[in-house]
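Trainee: Could you walk me through this one slowly? I'm new to it.

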Amino acid sequence: MGRVTERRRTLRIRDGAVSSRPDTLVAEEPLEIRLNGRPLAITMRTPGDDFALAAGFLVSEGVIAEKGEVQSIVYCAGATAEGVNTYNVVDVKLAPGVPVPDITLERNVYTTSSCGLCGKASLDAVRTTTRHPVADAPPVRITPELLSALPDRLRASQRVFDRTGGLHAAALFSEEGELLDVREDVGRHNAVDKLVGRALTDGRLPLSRAVLLVSGRASFELAQKAVMAGIPVLAAVSAPSSLAVDLAAEAGLTLVGFLRGPSMNVYAGEHRIALEATAGRG
């Protein structure tokens with residue numbers, strides 16, 4: 001399997017002083033995801049948690065929603081002409097009776113590490129109906145104070161970021177603020193897929209009492225992945241897109257952006273934010 005980090009020689013210039021030294025970089029390699037032996041998609045990812053990544057990707061695509069719908073996930077042996085296993089090709093075999101989607105050129109796409117939706121034929125193609133609707137029974141209630149503490153907890157858990165400075169991170173927290181899981185990847189959508197895929201293989205979907213925190217912006221694709229996993233609250237340290245806000249409002253997702261210290265913007269689902277009765281609403 002590929003390494004999470006790699007070393008490369010660099011020329012360092014600091015205040016006019018020049019030196020040569022190795023630098024630690026985050027690894028980026030392609031992962032081909034096959035479904036029942038047929039190629040489905042290729043994503044650029046940081047090696048590691050590949051089975052969880054594949055499972056989470058299939059959850060976000062609406063192919064699977066429960067642990068029992070997956071019979072096996074394996075690396076494909078003989079992935080090269082010489083018969084060498086590159087650990088860059090995984091095959092997901094669905095359980096008997098689970099419908100296999102029609103794999104066409106419309107869905108067979110190349111996904112870059114910066115865009116998890118490139119190649120989608122239309123916006124309608126990604127508005128997949130979730131089998132885990134965002135629920136409120138009873139409603140999750142999160143205080144601004146609890147939310148404001150989450151980015152520091154996420155940052156403290158980013159082990160590879162500390163060595164490279166080049167990774168996105170996603171974390172799941174309980175409604176009490178307990179860190180449940182954290183994953184890093186060169187692609188923000190991959191980090192979320194790894195979280196969701198791990199939850200699926202552990203039999204924890206839907207994540208109906210969890211808060212998803214992402215280290216970058218909140219794009220439509222991340223809101224979609226949250227909705228598909230039944231996550232009620234998505235928070236991001238940066239800005240959301242307009243389409244992410246539209247989807248959050250449509251699906252009942254609480255969407256928080258610009259989460260930096262005690263400051264944040266709530267773009268949708270504000271009923272889950274536990275505000276003091278006297279708080280200013282101007």
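Trainee: Okay, what should I know before I start?

Mentor: This is a predicted model, in which local features need pLDDT of at least 70 and side-chain atom pairs count only at pLDDT 80 or more, while totals for chains, interfaces and linings use all residues. Residues are numbered from 1 along each chain as its sequence is written, and side-chain values use heavy atoms, with hydrogens and water left out.

Trainee: In what order do the strands of the open sheet come?

Mentor: The order is 9-8-10-11-12-13, which makes 6 strands in an open sheet with mixed pairing. Strands here are DSSP runs of E with at least two residues, helices are runs of H or I with at least four, and both are numbered from the N terminus; two strands pair if DSSP finds at least two bridges between them.

Trainee: And which are the edge strands?

Mentor: Strand 9 (179-185) and strand 13 (263-268) are the edges, since each pairs on one side only. From one strand to the next, the twist averages 20 degrees, where axes are lines fitted to C-alpha atoms (for helices over the stretch in contact) and angles run from 0 to 180 degrees between N-to-C directions.

Trainee: Which helices lie across these strands?

Mentor: Helix 2 (residues 144-156) lies across strands 8, 9, 10, 12 and 13, and runs at about 135 degrees to strand 8. Helix 6 (residues 242-251) lies across strand 12 and strand 13, at about 60 degrees to strand 13.

Trainee: Let's zoom in on Val211, then. Is it buried or exposed?

Mentor: Val211 is buried, with a relative accessible area of 0%; buried means under 20%, exposed over 50%, and partly exposed in between, using a 1.4 Å probe and protein chains only. Val211 is found in strand 10 and stands opposite Val233 in strand 11, and those two strands run parallel, joined by 4 bridges.

Trainee: What else does Val211 touch?

Mentor: Leaving aside residues up to four places away in sequence, Val211 touches several residues, including Ile142, Leu147, Leu150 and Phe173, where contact means heavy atoms within 4.5 Å.

Trainee: How many aromatic pairs does the search find?

Mentor: The search of the whole structure finds 2. Rings of Phe, Tyr and Trp (its six-membered ring) pair if their centres lie within 6.5 Å, and planes under 30 degrees apart count as stacked, over 60 as edge-to-face and the rest as tilted. Phe51 and Tyr75 have ring centres 4.9 Å apart and planes at 45 degrees, so that pair is tilted. Phe51 lies in helix 1 and Tyr75 in strand 5, so the pair ties together parts that are 24 residues apart in sequence.

Trainee: And the other pair?

Mentor: Tyr75 and Tyr87 form an edge-to-face pair, 5.0 Å centre to centre with 80 degrees between the planes. Ring pairs thus link Phe51, Tyr75 and Tyr87 into a cluster, in which Tyr75 is buried at 18%, whereas Phe51 is partly exposed at 31% and Tyr87 is partly exposed at 32%.
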